[in-house]
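Student: I'm new to this one, and I'd like a close look at a single part. Could you walk me through a hairpin and then show me how the chain around it is built?

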Amino acid sequence: DDLRSSKPSFSVQVVSGHTGAGVSKYYNGTAPKNRVLESDVTVSIAGVAELRKINSENNMTTIGSNVTLKSLIALLSSSKSEVHRAAARHIGLVANTQVRAAGTWAGNLCMAAKYSDFPSDVYLTLTALNATVAIRTLQGQVLANVPVQVFCRDPEMQRNCSVLLSASFGESPFGG
């Protein structure tokens with residue numbers, strides 16, 4: 001935030017698995033060459049253990065933004081809900097084994113937010129689960145219970161987002 005205040009046009013990209021670097025070139029117009037840097041500074045939050053936490057209580061599950069696709073698949077696969085197990089199977093179709101092991105659900109969702117034509121199965125799955133996200137704004141405020149669709153499709157939300165913190169979803173919205 002100090003850097004942004006000293007240089008208003010200063011851009012920071014927050015990453016965890018950073019697997020989007022391999023596909024963003026197809027959406028930012030730089031393919032087939034290497035993509036150009038899209039920010040002045042890239043900050044990795046991969047080491048922030050708090051963002052790797054998974055909490056389940058009162059029929060709600062909250063996953064931190066550093067939870068990998070592989071870990072999310074394991075979580076949903078272990079659910080009693082057939083809808084959650086189907087969601088796990090669908091997320092299992094995302095990318096490949098290596099990307100699912102390193103890439104996070106939040107990174108995939110941020111790609112969907114940034115590039116409206118990015119085909120995000122994570123966006124579809126979290127939307128089907130009626131998931132909401134919590135974000136930290138540029139002003140330092142935490143906004144909770146933001147529907148996934150609002151996070152991904154509202155330009156004002158994108159301009160105001162500093163960090164995607166977590167997602168929450170409950171028991172199957174479809175029963176079972």
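Tutor: Start at the hairpin of β3 and β4: 2 residues sit between the strands, and Asn58 takes a positive phi near 50°. Keep in mind that this is a predicted model, where local features need pLDDT of at least 70, side-chain atom pairs count only at pLDDT 80 or more, and totals for chains, interfaces and linings use all residues. Residues are numbered from 1 along each chain as its sequence is written, and side-chain values use heavy atoms, with hydrogens and water left out.

β3 covers residues 54–57 and β4 covers residues 60–64; they run antiparallel, joined by 4 bridges. Strands here are DSSP runs of E with at least two residues, helices are runs of H or I with at least four, and numbering goes from the N terminus. Two strands count as paired if DSSP finds at least two bridges between them. Look at Asn55, for instance: its bridge partner in β4 is Thr62.

β4 also pairs with β7 (residues 161–170), again in the antiparallel sense, over 5 bridges. There, Gly64 stands opposite Ser166 of β7.

Zooming out, the chain holds 8 helices and 7 strands. Its radius of gyration is 16 Å, close to the 16 Å that the globule rule gives for 176 residues, so the chain is as compact as a globular protein of that length. That radius is taken over C-alpha atoms, and the rule is 2.2 Å times the number of residues to the power 0.38. Along its principal axes, the C-alpha trace spans about 50 × 40 × 30 Å.
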